Amino acid sequence: MFKEKNVLVMVSGSVAAYKSATLVRLLIKSGANVRVGMTTAAQEFITSKTLSILSGNDVLTDLFVGHTSDIVHIDWAKWADIIFVVPATANLIGKLAQGIADDAVTATIMASTADKIIAPAMNDNMLANPAVMRNIATLKKDGWFVIESAVGFLAEGYIAQGRLPEPIDILQQSAVRLRAKNGMLIGKKVIITAGGTREDLDPVRYLTNRSSGKMGYALARAAAEMGAEVALITTIVRENIFGVTNIFVNSAQEMFDVATHEFATADVFISAAAVSDFKPAEIAVHKIKKQADDGLTLNLVQNPDILRTIGQSKKSHQIVIGFAAETQEILVHGQDKLIKKHADMLITNDVSQSDTGFSSDDNAVTILIPNRSPETLPKASKIDIARAIMTRVITLK
Ligand code: CTP
């Protein structure tokens with residue numbers, strides 16, 4: 001996302017200013033050309049020397065001193081494709097929201113048409129101050145992407161909201177947001193299931209499977225990158241992705257209830273979860289005890305088939321996509337499931353392969369679509385496979 005992009009990192013005077021050094025390093029690592037600007041207060045917290053060495057460029061601190069160009073703020077403003085304001089103080093947020101350009105940082109930002117990302121970091125009472133809240137809302141309205149400050153241990157010595165998120169999270173959220181800007185799924189709602197369901201046996205035990213949920217999370221990220229509003233119905237806690245609402249469930253029945261409810265207002269449903277076909281006929285109220293030398297026979301009953309139910313009920317504008325995790329005769333079973341589940345696309349994968357199976361970071365799949373030839377996507381990272389799947393999804397209807 002940031003490769004060969006001109007990225008300006010503007011730093012203001014917060015104790016979190018030291019994290020801007022990591023942000024600069026991560027941007028350089030991802031192939032960006034990076035320049036840094038600092039307010040006067042920022043230089044009380046981190047030196048311009050550090051940021052100059054890390055970025056490989058002189059740091060902008062003053063409009064009038066140390067430049068060969070007379071209009072340095074215009075030159076820098078034109079150069080930038082993306083501007084990060086990290087960390088942003090209440091004071092700088094106020095100036096940017098109100099159109100005040102009284103130093104090198106604010107004048108450069110105001111003169112630029114680049115994509116703008118801002119990460120507030122301050123005391124929790126300052127953040128909750130109505131004027132600050134108004135200014136942040138103004139920036140959002142003006143098209144800024146505001147990274148919400150995190151709840152965590154503040155410099156004041158207590159836990160509250162106001163902390164600057166970790167630079168890697170700032171970059172990941174920004175990448176999703178920047179990709180989504182012109183996305184093909186803007187205005188569309190995509191719901192995705194992920195992970196293996198858990199079927200309670202008694203208060204301490206459950207039946208489940210090897211699914212890691214990684215493919216579902218990758219699909220959620222890929223859909224969000226295309227601008228979709230995503231609901232991820234998942235049994236596995238992984239990451240928070242900008243644009244994705246995580247809804248945590250346990251059993252297949254819970255997943256069924258949430259998925260069918262969400263589908264009523266959705267455009268696309270992707271069933272990536274490994275749904276348990278069976279559940280215990282009864283959940284024991286107390287922990288099941290060993291009986292002398294006897295074994296234990298479980299009585300299992302079928303769970304609802306989420307994909308088939310949703311496939312049968314879909315309206316003409318809705319797209320339904322399933323997965324088929326197989327260990328043999330993959331295409332035969334895949335074609336069979338495509339029809340049985342009333343799906344518009346069925347993605348088959350061979351889970352017997354240890355390098356592309358359940359908990360792997362990679363996958364290799366074959367995509368089946370009615371009346372089209374099967375298309376095989378060779379082994380690649382799950383996020384790349386997910387992005388490739390989403391580009392096929394938008395060709396469906
Ligand atoms: N699926 C579902 N609800 C179920 C079972 C499966 O929504 N109760 C979905 C899965 O999320 C996947 C697709 O159906 O998208 C195929 O799942 P799979 O386990 O491969 O197939 P099953 O229908 O369970 O058939 P079988 O286990 O006999 O292969």
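Lysine 337 is partly exposed, with a relative accessible area of 26%. In this predicted model, its side chain meets that of glutamate 326 in a salt bridge, 2.5 Å from N to O. The pair links distant parts of the chain: lysine 337 sits in helix α12 and glutamate 326 in strand β16, 11 residues apart. Glutamate 326 counts as buried, because its relative accessibility is 9% and the cut-off for buried is under 20%.

**Salt bridges**

- The count of salt bridges comes to 18.
- Side chains of opposite charge can pair when their charged atoms come close.
- Lysine 181 forms a salt bridge with aspartate 115, and the closest N and O atoms are 2.8 Å apart.
- This pair also links distant parts of the chain: lysine 181 is in the loop between α8 and β8, aspartate 115 is in strand β4, and 66 residues separate them.
- Lysine 181 is partly exposed at 43% relative accessible area, and aspartate 115 is partly exposed at 24%.
- Arginine 387 forms a salt bridge with glutamate 225, with 2.7 Å between the closest N and O atoms.
- Arginine 387 lies in helix α13 (residues 382-393) and glutamate 225 in helix α9 (residues 214-225), so the pair ties together parts that are 162 residues apart in sequence.
- Arginine 387 is partly exposed, with a relative accessible area of 27%.
- Glutamate 225 counts as buried, at 6% relative accessibility.
- Salt bridges that share partners join Arg179, Glu225, Asp384 and Arg387 into one network.

**The whole protein**

- The secondary structure comes to 13 helices and 19 strands.
- The C-alpha trace spans about 80 × 55 × 35 Å along its principal axes.
- Of the 397 residues, 49% count as buried.
- The protein exposes about 19,500 Å², and carbon and sulfur atoms supply 51% of that area.
- Among contacts with a separation of 6 or more, 67% come from residues 24 or more positions apart.

**A parallel sheet**

- Strands of a sheet pair through backbone hydrogen bonds, either parallel or antiparallel.
- Strands β3 (residues 82-88) and β4 (residues 115-120) run parallel and are joined by 5 bridges.
- Phenylalanine 84 has isoleucine 117 in β4 as its bridge partner.
- Proline 87 lies in strand β3, and a cis peptide bond joins valine 86 to proline 87, with omega about -10 degrees.

**An antiparallel hairpin**

- Strands β6 (residues 150-153) and β7 (residues 159-163) pair in the antiparallel sense over 4 bridges.
- Glycine 152 has alanine 160 in β7 as its bridge partner.
- The hairpin of β6 and β7 has 5 residues between the strands, and its glycine 157 takes a positive phi near 95 degrees.

**Positive phi outside glycine**

- Glutamate 329 has a positive phi near 40 degrees, in a residue other than glycine.
- Glutamate 329 is in the loop between β16 (319-326) and α12 (330-340), and is exposed at 53% relative accessible area.
- Asparagine 371 has a positive phi near 65 degrees, also in a residue other than glycine.
- Asparagine 371 is in the loop between β18 (362-368) and β19 (375-381), and counts as exposed at 85% relative accessibility.

**Buried and exposed residues**

- Threonine 193 is found in strand β8 (residues 189-194), and is buried, with a relative accessible area of 1%.
- Beyond residues up to four places away in sequence, threonine 193 touches Gly216, Ile233, Met255, Phe269, Ile270, Ser271, Ala272 and Ala273.
- Lysine 49 lies in helix α2 (residues 48-55), and is exposed, with a relative accessible area of 59%.
- Lysine 49 and arginine 25 are 24 residues apart in sequence, and 14 Å apart in space from C-alpha to C-alpha.

**A nonpolar surface patch**

- Phe278, Leu296, Leu298 and Leu300 make a nonpolar surface patch of about 360 Å².
- Leucine 298 lies in the loop between β14 (278-280) and β15 (300-302), and counts as partly exposed at 38% relative accessibility.

Definitions and conventions: Residues numbered from 1 in each chain as written. Predicted model: local features only at pLDDT ≥ 70, side-chain atom pairs only at ≥ 80, totals over all residues. Heavy atoms only, no water. Patch = residues over 30% accessible without salt bridge, like charges linked within 9 Å, V, L, I, M, F, W, Y side chains within 5 Å. Areas by Shrake-Rupley, 256 points an atom, 1.4 Å probe, with all protein chains shown as cover. Salt bridge = Lys/Arg side-chain N within 4 Å of Asp/Glu carboxyl O. Helix = DSSP H or I, 4+ residues; strand = E, 2+ residues; numbered from the N terminus. Buried < 20%, exposed > 50% of the residue type's maximum accessible area, 1.4 Å probe, protein only. Pairing = 2+ DSSP bridges. Contact = heavy atoms within 4.5 Å.
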